[in-house]
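Hi,

Here is the structure I promised to pass on. Have a look at it first, and my notes follow below.

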Amino acid sequence: MTDPADEVWRLLTSVMMQRKEEFPALAASFGLNPGAVHALLQLDPGEPQSMSSLAGAWKCDASNVTWLVDRLEEHGLAERQPHPGDRRIRTVAVTDKGAKVRDAIQARMFEAPDALRALGPRDLATLARILRKVAPAGHDHR
């Protein structure tokens with residue numbers, strides 16, 4: 001007999017994996033690769049971050065951060081700036097264009113798939129109520 005929690009998790013994972021398969025095409029539609037899109041989504045438009053803090057947050061080598069930031073700069077989505085308190089440190093800031101592209105990417109990412117839209121209002125309300133109970137705090141991505 002299948003554990004009900006395991007079955008629900010398997011179904012949620014299946015839905016998300018299907019969506020993840022669409023990510024490369026989404027990135028390409030903005031002229032970016034998936035890594036650059038992920039990096040842009042991780043940057044806070046209102047708060048420049050140091051290259052070293054990005055490496056820590058993204059759990060990657062500093063050279064990978066440099067490569068990703070280079071891609072974002074090539075498209076005018078981010079720019080390196082001197083740190084206001086220490087000229088030796090470079091920060092990465094999202095440009096106005098980057099903020100607009102980031103918003104557009106998120107809007108596309110969070111469009112509900114057709115299968116979800118096919119549910120009735122009652123089912124959607126029930127599903128939303130249940131998922132709010134298990135969703136990580138601060139990760140509503142509105």
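To start, which residue's side chain meets that of aspartate 86 in a salt bridge? The partner is arginine 88, at 2.8 Å from N to O; a salt bridge here is a side-chain nitrogen of Lys or Arg within 4 Å of a carboxyl oxygen of Asp or Glu. Aspartate 86 is buried at 18% relative accessible area, whereas arginine 88 is exposed at 74%. (Buried is under 20%, exposed is over 50%, and partly exposed is in between, with a 1.4 Å probe and protein chains only.)

Before the rest, some background. This is a predicted model, where local features need pLDDT of at least 70 and side-chain atom pairs count only at pLDDT 80 or more, while totals for chains, interfaces and linings use all residues. Residues are numbered from 1 along each chain as its sequence is written, and side-chain values use heavy atoms, with hydrogens and water left out.

More on the salt bridges

The count comes to five salt bridges. One of them pairs arginine 80 with aspartate 70, again 2.8 Å from N to O. Arginine 80 lies in strand E2 and aspartate 70 in helix H5, so this pair ties together parts that are 10 residues apart in sequence. (Helices, H or I with at least four residues, and strands, E with at least two, are DSSP runs numbered from the N terminus.) Aspartate 70 is partly exposed, at 26%. Arginine 19 also forms a salt bridge, with glutamate 22, and their closest N and O atoms are 3.7 Å apart. Both ends are partly exposed: arginine 19 at 23% and glutamate 22 at 40%.

The sheet

There is an open sheet of three strands in the order E1-E3-E2, with antiparallel pairing. E1 and E2 (78-82) stand at the edges with a single partner strand each, so one side of each has no neighbour in the sheet. Two strands count as paired if DSSP finds at least two bridges between them; E2 and E3 (residues 90-94) are joined by five. Proline 82 stands opposite arginine 90 in E3.

Two buried residues

Serine 50 sits in strand E1 (residues 49-50) and is buried, at 16% relative accessible area. Its side chain has a polar contact of 3.3 Å with that of serine 52. (A polar contact is a pair of N or O atoms within 3.5 Å; within protein, one must be able to donate a hydrogen and the other to accept it, and residues adjacent in sequence count only if both atoms are side-chain atoms.) Leaving out residues up to four places away in sequence, serine 50 touches Ile89, Arg90 and Thr91, where contact means heavy atoms within 4.5 Å.

Arginine 71, in helix H5 (residues 62-74), is buried too, at 16%. Its side chain makes a polar contact of 2.6 Å with the side chain of glutamate 74.

The surface

Finally, a nonpolar surface patch of about 730 Å² includes Trp9, Leu116 and Leu131. (Patches are made of residues with over 30% relative accessible area and no salt bridge; like charges are joined within 9 Å, and nonpolar side chains, meaning Val, Leu, Ile, Met, Phe, Trp and Tyr, within 5 Å. Areas come from the Shrake-Rupley method with a 1.4 Å probe, and for residues only the protein chains shown count as cover.) Helix H8 gives the most to the patch, with four residues. Tryptophan 9 lies in helix H1 and is exposed, at 59%.

Cheers
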